[in-house]
Amino acid sequence: MSTQTTGTIAVFGATGQQGGAVVDALLAHGARVRALVRDPRSDRARALAARGVELAAVRTDDPASLAAALAAVAGFSFMTPEANSLEEVETEIRIGTALVDAAVGAGVPHVVFNSVFGADRKRGVPHHDSKHAIEEHLRASGLRASMVRATAFMENFAGVLAPSLEHGEIVLRMPLPEDAALKMISIRDIGRVIAALLLGTAQAPGGAVELVGDELTGPRIAALFGAHAGLPARYEVLPLSVLPTDLDRVMFREFAKAAEHPGDPAAVRSIEPATLDLAQWIRATDWTPPTDAAAA
Ligand SMILES: NC(=O)c1ccc[n+]([C@@H]2O[C@H](COP(=O)([O-])OP(=O)(O)OC[C@H]3O[C@@H](n4cnc5c(N)ncnc54)[C@H](OP(=O)(O)O)[C@@H]3O)[C@@H](O)[C@H]2O)c1
C-alpha cells in the first residue's frame, strides 16, 4: 500500500512494544521513520537501524535533543513509559509533557499519543490519570493531535497473565470477577492504527480512538485457550491482593467497572479492518500451552 505522506515520521518508544509495532506498521507502508532513542548503540536501536530506521539520540530532560530529533518531521508518535509508583507517575507526566512541548516547538503537523482506555477523564487510577494529564496538555497545545487509547494488551496472555496447564487442564487466573469482560487489543494492531492515522489513511473521530479488539470474560478467555489447545479449561478469580502494586489494584478495580460499559470494536475495525480478536491472536501467535506444572 502506498503512503499519502512522504515525510519522515518520528517515533518515541521505538525500542519497546508499542513503539516497535508503530515502526513495523510504518515500514510496512514504506514510510521513512526516525526513532528517538536513549542509546543508539543498544541492541534494539541497532536492530532498528539495520531495518533502515534513522536514529536520533534524545534525553527527555534535554529540550535541545528533542528539538533536533523532531525537526521537519511529518508526524510524531509517542508513548510514555510504564509507571509502577507515584514517583514514576510524575516522571511519566514529565516525559509526556516534554515531548508535547518539543513537538510544539518543532511545529509537528500531527502528533499521536499512545494513551490508555478511560483517559478521557480522571478516574483515580494514577498511571491512567497521568495519561489524561498528558492528553490535556497535548489538546491545549494547539497541535493537531490524535489520542489512541489502548486497552489491555493481548500479549499479557503470553506474559503476566499467561494461562497455565495443570493436570491436563488450561487454567487462567486473573483478579477480575467472572462476569466482568476484559477489553483488549493486540500490540500489532495498536501500531497499525497509529500508522494509519499518521499516514492519513484514516482519521480518529473527535481526535480519539479507543482500541478494543475484543471484550471477553475470564471464563470465555480460558475457553478460547482451551479450544486452541484441544484441552478442557477453567477460570479462577484471584484476590486483588495478588497484584504487586496499589496502582495495579486500583487499575483492576477500574477494569471491573469499565466492563459494565461495552467498547466499540467496530470503531477500531473502521480504521484497521484486520484488527485481531482474541481467537485470531491465539492462532496468529500460534499459542501453545506451557509444560504441565502439576505433572512436573
Ligand atoms: N500492559 C498493558 O496491557 C498496557 C495497556 C495499555 C497501556 N499500557 C501502557 O503502555 C505503556 C508501556 O508501553 P510499552 O509496553 O510499549 O513499553 P515498553 O515496551 O516497556 O517500552 C518502553 C519504551 O520507552 C523507552 N523509554 C523508557 N524510559 C525512557 C526515558 N526515560 N527516556 C526515553 N525513553 C524511554 C524505552 O527505550 P529504551 O530502549 O531506551 O529503554 C522503550 O522504547 C505504559 O505507559 C503502560 O501504562 C499498557
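In this predicted model, Phe255 is part of helix α8, which spans residues 246-258. Beyond the neighbours within four places in sequence, the contacts of Phe255 are with His128, Leu176 and Leu182. Phe255 and Thr151 stand 104 residues apart along the chain, yet a distance of 9.5 Å separates their C-alpha atoms.

The ligand is surrounded by 21 residues. Among these, Thr15, Gln17, Gln18, Arg38 and Thr80 are the closest. Classified by residue type, this shell comprises eight nonpolar, nine polar and four charged residues. Three secondary-structure elements, namely helix α1, helix α4 (86-106) and strand β7 (152-153), each contribute at least two residues to the shell.

For Thr80, a polar backbone atom is found 2.6 Å from a ligand oxygen. At Asn156, the side chain is involved instead, with an N or O atom 2.9 Å from an oxygen atom of the ligand. Gly13 places a backbone N or O atom at 3.3 Å from a ligand oxygen. The ligand taken alone exposes 940 Å², of which 78% is buried by the protein.

The second largest pocket was assigned a volume of about 220 Å³. Its lining consists of 13 residues, and those closest to the pocket centre are Ala25, Ala28, His29, Arg192 and Glu272. Seven of the lining residues are nonpolar, two are polar and four are charged. Helices α1 (17-28) and α6 (187-198) each provide at least two residues of this lining. The greatest contribution comes from α1, which supplies four residues.

How values were computed
Residues numbered from 1 in each chain as written. Predicted model: local features only at pLDDT ≥ 70, side-chain atom pairs only at ≥ 80, totals over all residues. Heavy atoms only, no water. 1 Å grid on protein atoms, 1.4 Å probe; cavity = no way out; pocket = protein on both sides within 12 Å on 5 of 7 lines; lining within 4 Å. Points joined across faces, edges and corners; volume = space filled by probe spheres on them. Nonpolar A, V, L, I, M, F, W, Y, C, P; charged D, E, K, R; others polar. Near = heavy atom within 4 Å. Polar contact = N/O pair within 3.5 Å; in protein donor to acceptor, adjacent residues only side chain to side chain. Areas by Shrake-Rupley, 256 points an atom, 1.4 Å probe, with all protein chains shown as cover. Contact = heavy atoms within 4.5 Å.
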